[in-house]
2 protein chains.
Amino acid sequence: MKVAIIGGGAAGMSCASRIKRLRPDWDVKVFEKSPYVSHAPCGIPFYVSGIVDSINNLCSYDIDFFRERRGIDVLTRTEVLEVGDGELHVLRDGRKERFEWDKLLFATGARAAPLNVQCEEIEGVLCVHYIENGEKVKRLVKNCRSIVIVGSGYIGVEMAEAISRLGKNVVLIEKEEYPLPEYDVEIGSVLKERLQKVVNARFSEKVEAIEGKDRVERVVTDKGEYRCDMVISAIGSQPNIELAKQLGVKLGKTGAIAVNSRMQTNIENVYSAGDCAETTNIITGKPDWIPLAVPANKMGYVAGVNISGFEMEFPGALRSQITGFYDLEIGRAGLSEKEAKMHGFETISVTITTKSTARYIPNGDITVKMVSDVDGRVLGVQCIGKGVAKRIYAASSLLYKKAMVEDFFFADLPYFPPESRVWDPLVVCARNLFRKLGIP
Amino acid sequence: MKVAIIGGGAAGMSCASRIKRLRPDWDVKVFEKSPYVSHAPCGIPFYVSGIVDSINNLCSYDIDFFRERRGIDVLTRTEVLEVGDGELHVLRDGRKERFEWDKLLFATGARAAPLNVQCEEIEGVLCVHYIENGEKVKRLVKNCRSIVIVGSGYIGVEMAEAISRLGKNVVLIEKEEYPLPEYDVEIGSVLKERLQKVVNARFSEKVEAIEGKDRVERVVTDKGEYRCDMVISAIGSQPNIELAKQLGVKLGKTGAIAVNSRMQTNIENVYSAGDCAETTNIITGKPDWIPLAVPANKMGYVAGVNISGFEMEFPGALRSQITGFYDLEIGRAGLSEKEAKMHGFETISVTITTKSTARYIPNGDITVKMVSDVDGRVLGVQCIGKGVAKRIYAASSLLYKKAMVEDFFFADLPYFPPESRVWDPLVVCARNLFRKLGIP
């Protein structure tokens, strides 16, 4: 049996590994355009800031590991040009080659969304979506004085920290009023205040042009212009679906590849997983596009099980995320209140700011927002401050199990004075929601 | 309506506060033997080590807060001598007084278990179960050179750190082979190694006598003797049930006060909550005695709701716990494997040691043990190392919702390189259990 996997990122390698474990004698080929496999762009900010010293460390495993230890036929620097029924054509070392497949996985990932302004392709305008660019940014940034970052999603925020840590002048431009636009304002406003202390953060401002002769010289917005030596574009991403479309694979409403819970597309023996594929949002029960490393890896795993002829279903994801800016940790699981409203939920919410640990061993404050529907089902939790990860771990776990407000109150979250509180902030939020829900 | 609450600890004050919120005009009296209310002995090790500078900081709120802000009639230094039908007799400022009640809560807490050796009452032998003793230990320890701690449960371990931090010579004596005897050996052995580097830790050794003239001079065990200036007894605790028994309140098999999920005892209008009461172990579904601050507070809350004439059920607890020893965090939720076997479960388990964060931003290792039954229901998780709290938060949440191994695999635990991993250690444990359970 011949399996072709297009894309050697998290989902592709996770799927390939699973198949070789369940079907050691199958021929599993991975076609990867870049020189890297199992690449993890999540680490790029830490490479740029110098916390991580080699770009190779950002790949979970090297190619030899997959080739020798796992028996996967990994073809790097190999671009798939065309996919046909049972075959595919690639460009490799400047030569075209043809391969055959019985089962196929699209794990083509996502790419940075374009800014859609003039001069976007000029030297010095970069995204950090690909591991190769991480290296380029690191190399170029040394000789830069001013860097403009466009977009304040988690990548923009993490890059703002990484580059300001290098002592560079950072301008962060966000078209919305608050950073992390997918979060609610109660969280965004805390981050906004902190960002403004460290970088030149411009909100409600829209990039209109990038200008420069041979390389970028300035960014022009609807409110001003900013001289700079580099632009980092971090306004989001979009799924790579062109090859799949070519084969006739159906896309979902989100624009990503539609799959069922076994990661099957509409075409027999063709699967998809990772940032190019849709998944189910566990809160809404509807298809969603959640391009994050954790679901990507697990979707790859599930695809691998099913391609191998066994059965496993992927239950979906929660948009769970943790990020940070200097001393602030930031995280979410489930829906923000504005997302919940967009999905038609009638919401109730509570936001508290409290110590993250025992009052007498303070390590800082945490702000927690909890959103529920009017029947008391919790829809999402967002946090910013100290001790965020443990609360998002608990929230993800409870939301995964479709928890009610009572579950957040009673789940036995333990107390250790340097780490937590007797009444955990999550429990206090639940108790405050009790009042609004009429629970005694 | 007259409500009498015996005991002003976590459960008592939590209950009193709830009643006054739901029934502001009821007469709520709290009878507390010590000068403190809402006292939290969990903080004593941090007071002894100097991290917390005032003993008053260990009380969540002071008495005036409860009296003035919450309208609770708090009577401190007031010992209840006898409880009768609708009345109770107390000793207060050397005088006996009589009070009446329509509804009664036993929140009498627990006390340190006796060592049952000679000279246990001699000067210099202390437990840290009461906040008053925290002060005494702190005062005496200054002039001590050697301190023997008997017992290596979490209190013993935390006191060993607190006192060794003061530069004192600590002998820790444990009758079992490993510290934290309620944990499995995979966790205990990691702690044992670390303990032995810092204190004189003696395992499989039993205290036979305490000796001294006016005050303690040495501890004699079945294997040797240890000169010392102070002994801290930390071999466990037992519920204070004498007053309840006197009234005819039924005890459960654990020896603590039997209550239903509304915290009602066998006697009408008589309730119990906190360390003196039983609760349900969520994993076994059977009555258990879990004397920890988090369930105590919530049991008090639930008792308050029900005493006030509303309805709320306490679902039970998981023995969830976090503790620590220097750089090691230690935690558990649910059952250890030996406890599970004791309860008749046929168990499967896996233990892994791995990095707690992304490989390229290492902050140390974590060892995780996960135990399931043969149908794949997870029975418990134990951790030691770095980043323990977030995993125990997730484990408590999932176990509370009666999670299967698949739930631990698929719960969307987020990845942020300085905080976590793409494949969280909990997920890796679940994946390893898949193999043992025959899940592809």
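Residues are numbered from 1 along each chain as its sequence is written, while chains are lettered from A in the order in which they are written. Because the model is predicted, local features need pLDDT of at least 70 and side-chain atom pairs count only at pLDDT 80 or more, whereas totals for chains, interfaces and linings use all residues; side-chain values use heavy atoms, with hydrogens and water left out.

**View 1. Domains 1 and 3 of chain A and the interface between them.** Chain A is divided into domain 1 (2–40 + 59–111 + 238–307), domain 2 (114–233) and domain 3 (331–437), with bounds that come from an automatic or database domain assignment. The centres of domain 1 and domain 3 of chain A, taken over C-alpha atoms, are separated by 36 Å. Five residues of domain 1 of chain A are in contact with 10 residues of domain 3 of chain A, contact meaning heavy atoms within 4.5 Å. About 590 Å² is buried between these two domains of chain A, with 65% given by carbon and sulfur atoms; buried area is the accessible area (1.4 Å probe) that two parts lose on being put together, summed over both. I282(A), I283(A) and T284(A) supply 84% of the area that domain 1 of chain A buries against domain 3 of chain A, more than any other three residues.

**View 2. The interface of chain B and chain A.** Here 75 residues of chain B are in contact with 75 residues of chain A, and the area buried between the two chains is about 6,200 Å², of which carbon and sulfur atoms give 68%. The two chains are linked by 20 residue pairs in polar contact, both residues being at pLDDT 80 or more; a polar contact is a pair of N or O atoms within 3.5 Å, where within protein one must be able to donate a hydrogen and the other to accept it, and residues adjacent in sequence count only if both atoms are side-chain atoms. On the side of chain B that touches chain A, the largest share, 10 residues, comes from α10(B), helices being DSSP runs (H or I, at least four residues) numbered from the N terminus.

**View 3. Salt bridges between the chains.** The count between chain B and chain A is two salt bridges, each defined as a side-chain nitrogen of Lys or Arg within 4 Å of a carboxyl oxygen of Asp or Glu. In one of them the side chains of D407(A) and K401(B) meet at 3.0 Å, N to O. K401(A) and D407(B) likewise meet through their side chains in a salt bridge of 3.0 Å, N to O. K401(A) lies in the loop between α10 (388–400) and α11 (405–410) of chain A and D407(B) in helix α11 of chain B, so this pair joins two chains. K401(A) is partly exposed at 23% relative accessibility, whereas D407(B) is buried at 10% (buried means under 20% relative accessible area, exposed over 50% and partly exposed in between, with a 1.4 Å probe and protein chains only).

**View 4. Salt bridges within chain B.** The side chains of K390(B) and E419(B) meet in a salt bridge of 3.1 Å, N to O. This pair links distant parts of the chain, since K390(B) is in helix α10 of chain B and E419(B) in the loop between α11 and α12 of chain B, 29 residues apart. Both K390(B) and E419(B) are buried. E97(B) and R92(B) form a salt bridge of 3.8 Å, N to O, through their side chains; E97(B) is partly exposed, with a relative accessible area of 23%, and R92(B) is partly exposed as well, at 27%.
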